[in-house]
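Work through the exercises below with the model open. Each has a task and a stepwise solution.

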Amino acid sequence: MKGRIAALLMSLLLVMYLALVFQHALLFIGTGQPAGIGIGVALLVLPVVGAWALYRELLFGFRTQKLVGILRTNDDLPVDDLPKRPSGRPYRADADAEFELYRAEVESAPESWKAWFRLGLAYDASGDRKRARKALRQAIAFYQVQPNAA
């Protein structure tokens, strides 16, 4: 719950920032000077890109939370019993060893959103955030096509 509140607070701050940038862009364009118009047009792009990125991240977060809830309800979430560092992150060697189980699960059921989601969690535990997000996106895509598939 803390993470969701923090994400929404940061989103609100970003929206306020983007609105301020948008306002300044209009002021630059309103000067009528070629340099001001150029700067204003360039500044208009920033809020559009920022809003799109914010939308994508929030959508990703809400969708992954939904899948976590489904897995938790069905008692399908992997047990997080890896030995941890003082920082709370698992030791990489232990996470890598457990990762192989989830990779094999995806290989045996390549269209299972649950298998892809667990693989994403394993990637995250192994410290590979890029592949974790890719696997979670794949899980979301499979869930959207066949929500009741295993």
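**Exercise 1. Which residues lie nearest the centre of the second largest pocket, and which elements line it?**

Step 1. Note that the model is predicted. Start at the centre of the second largest pocket: Pro78, Asp80, Leu121, Ala122 and Ala125 lie nearest, out of 15 lining residues.

Step 2. Assign elements. H3 and H4 each give two or more residues to this lining. H4 gives the most, with 5 residues.

Step 3. Sort the lining by class: 9 residues are nonpolar, 6 are charged and none is polar.

**Exercise 2. Describe how H3 and H4 pack.**

Step 1. Take the geometry. H3 (residues 92-108) and H4 (residues 113-125) meet at an angle of about 160°, and their axes are 9 Å apart.

Step 2. Classify the angle. Angles over 145 degrees count as roughly antiparallel, so H3 and H4 are roughly antiparallel to each other.

Step 3. List the contact. H3 supplies Ala95, Phe99, Tyr102, Arg103, Glu105 and Val106. H4 supplies Ala115, Trp116, Arg118, Leu119, Ala122, Tyr123 and Ala125.

Step 4. Sort the contact residues: 10 nonpolar, 3 charged, no polar.

**Exercise 3. Which element gives the most to the lining of the largest pocket?**

Step 1. Find the pocket. The largest pocket holds about 380 Å³ of space. Among its 15 lining residues, Phe60, Gly61, Phe62, Thr64 and Gln65 lie nearest the centre.

Step 2. List the elements giving two or more residues: H1 (2-30), H2 (34-73) and H4.

Step 3. Pick the top contributor. H2 gives the most, with 8 residues.

Step 4. Sort by class: 8 nonpolar, 4 polar and 3 charged residues.

Conventions. Residues are numbered from 1 along each chain as its sequence is written. This is a predicted model: local features need pLDDT of at least 70, side-chain atom pairs count only at pLDDT 80 or more; totals for chains, interfaces and linings use all residues. Side-chain values use heavy atoms; hydrogens and water are left out. Axes are lines fitted to C-alpha atoms, for helices over the stretch in contact, and angles run from 0 to 180 degrees between N-to-C directions. Helices (H or I, at least four residues) and strands (E, at least two) are DSSP runs, numbered from the N terminus. Angles under 35 degrees count as roughly parallel, over 145 as roughly antiparallel, 65 to 115 as roughly perpendicular and the rest as oblique. Contact means heavy atoms within 4.5 Å. Ala, Val, Leu, Ile, Met, Phe, Trp, Tyr, Cys and Pro count as nonpolar, Asp, Glu, Lys and Arg as charged, and the others, Gly among them, as polar. On a 1 Å grid over the protein atoms alone, a cavity is a set of points where a 1.4 Å probe fits but cannot get out, and a pocket is an open set with protein on both sides within 12 Å along at least five of seven lines; lining residues have an atom within 4 Å of a point. Grid points are joined across faces, edges and corners, and a volume is the space filled by probe spheres set on the points.
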